[in-house]
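Please examine the sequence and the model below.

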Amino acid sequence: MPTIGTGIYSIHFPEKQKPSNPNAPTTTTASKHLPKSIQVLEIGGSMAPLWRQYFEDIKKLIYVVDASNLCQISAAGVLFYSILTEPRLQKVKILLVLTKMDYSYRQMRNEALLMLQMSKLQKQIRQQVQIVEASAVTKVGFPEIYDWLQRP
Ligand SMILES: Nc1nc2c(ncn2[C@@H]2O[C@H](COP(=O)(O)OP(=O)(O)OP(=O)(O)O)[C@@H](O)[C@H]2O)c(=O)[nH]1
C-alpha cells in the first residue's frame, strides 16, 4: 500500500554502544550535545506533485528509493533531480537511502546509482548527497542513518 498523505514520526536515537575497554570514555563533549530524538515528516511518493508545498524551512532531507522496484527507479531519479535543483533546497543536507536491500540482489547498489544517474547528477548539483543502503527488515544502514540525522 503506498503512503497517501503525510505522517509525522519521532525517531529516538539508540544509546551509543559502550566501548569494550572499560577505561575508555563513554561520552565526549560533542556526543553530549547530540539530540536524543528528532521529528521527521514523511511525505508519500504518491504526493510527488505536492512535494513543493513542503520545501520551506527544511534542514535535512531524506530521499528514499525502493531498490527492489526496478520499474520505478528511473522515475525516482527524475523526481530526485527536481528536488536537487529546487532553489529553496540548495543549502539542505541530503541523504539518499536505497531501501529494501534485503529484497534486492547484491549488485543493486551500483545498478540503482546508474539508473538514478548519480555520478552525472553529482557534477551538476551544489549539495553533497550521502548515500546509504538500508533495509527495514535487517536494519542494515540504520547506524549510518542515525548518525546522519544526529549530525548538526
Ligand atoms: N523486504 C522488505 N520489505 C519492506 C522494507 N521496507 C518496507 N517493506 C514492505 O514493503 C511494503 C510497502 O511498504 P513501503 O514500500 O514502505 O511503502 P511506502 O514507502 O509507504 O510507499 P510509497 O510512499 O508510495 O513509496 C510493506 O509491506 C512493507 O512492510 C524493506 O526494507 N525490506
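The points that follow are grouped by topic.

This is a predicted model, in which local features need pLDDT of at least 70 and side-chain atom pairs count only at pLDDT 80 or more, whereas totals for chains, interfaces and linings use all residues. Residues are numbered from 1 along each chain as its sequence is written. The chain has five helices and five strands; helices (H or I, at least four residues) and strands (E, at least two) are DSSP runs, numbered from the N terminus.

**Overall architecture**

- From the N terminus on, the order of elements is β-α-β-β-α-β-α-α-β-α.
- Of the 152 residues in the chain, 12% are buried; a residue is buried if 20 or more other C-beta atoms lie within 10 Å of its own, exposed if 12 or fewer, and partly exposed in between, with C-beta atoms placed from the backbone.
- Among the contacts in the chain with a separation of 6 or more, 81% involve residues 24 or more positions apart; two residues are in contact if their C-beta atoms, placed from the backbone, lie within 7 Å.

- An open sheet of three strands has the order 3-4-5, with parallel pairing; two strands pair if DSSP finds at least two bridges between them.
- Strand 3 and strand 5 stand at the edges with a single partner strand each, so one side of each is left without a neighbour in the sheet.
- Neighbouring strands of this sheet are turned by 20° against each other on average, direction ignored; the axes are lines fitted to C-alpha atoms, for helices over the stretch in contact, and angles run from 0 to 180 degrees between N-to-C directions.
- Strand 4 (residues 93–99) is mostly covered, with five of its seven residues buried.
- Seven bridges connect strand 4 with strand 3 (residues 60–66), and the two run parallel.
- In this pairing, tyrosine 63 stands opposite leucine 96, and isoleucine 62 has leucine 95 as its bridge partner.
- Five bridges connect strand 4 with strand 5 (residues 129–133), again running parallel, and here leucine 96 stands opposite isoleucine 131.
- Strand 3, helix 2 (residues 70–84) and strand 4 form a right-handed β-α-β unit; a crossover is right-handed if, with the strands pointing away from the viewer, the path from the first strand over the helix to the second runs clockwise.

**Ligand surroundings**

- The ligand is surrounded by 13 residues, of which Pro2, Thr3, Gly45, Tyr103 and Ala136 are the closest; a residue is near a molecule or strand if its C-beta atom, placed from the backbone, lies within 6 Å of it.
- This shell has four nonpolar, six polar and three charged residues; Ala, Val, Leu, Ile, Met, Phe, Trp, Tyr, Cys and Pro count as nonpolar, Asp, Glu, Lys and Arg as charged, and the others, Gly among them, as polar.

**Two loop residues**

- Isoleucine 58 is in the loop between strand 2 (37–43) and strand 3, and counts as partly exposed because it has 15 C-beta neighbours inside 10 Å.
- Not counting residues up to four places away in sequence, isoleucine 58 touches Leu89 and Val92.
- Histidine 33 is in the loop between helix 1 (29–32) and strand 2, and counts as exposed because it has 9 C-beta neighbours inside 10 Å.
- Histidine 33 and proline 152, 119 residues apart along the chain, have C-alpha atoms separated by 9.8 Å.
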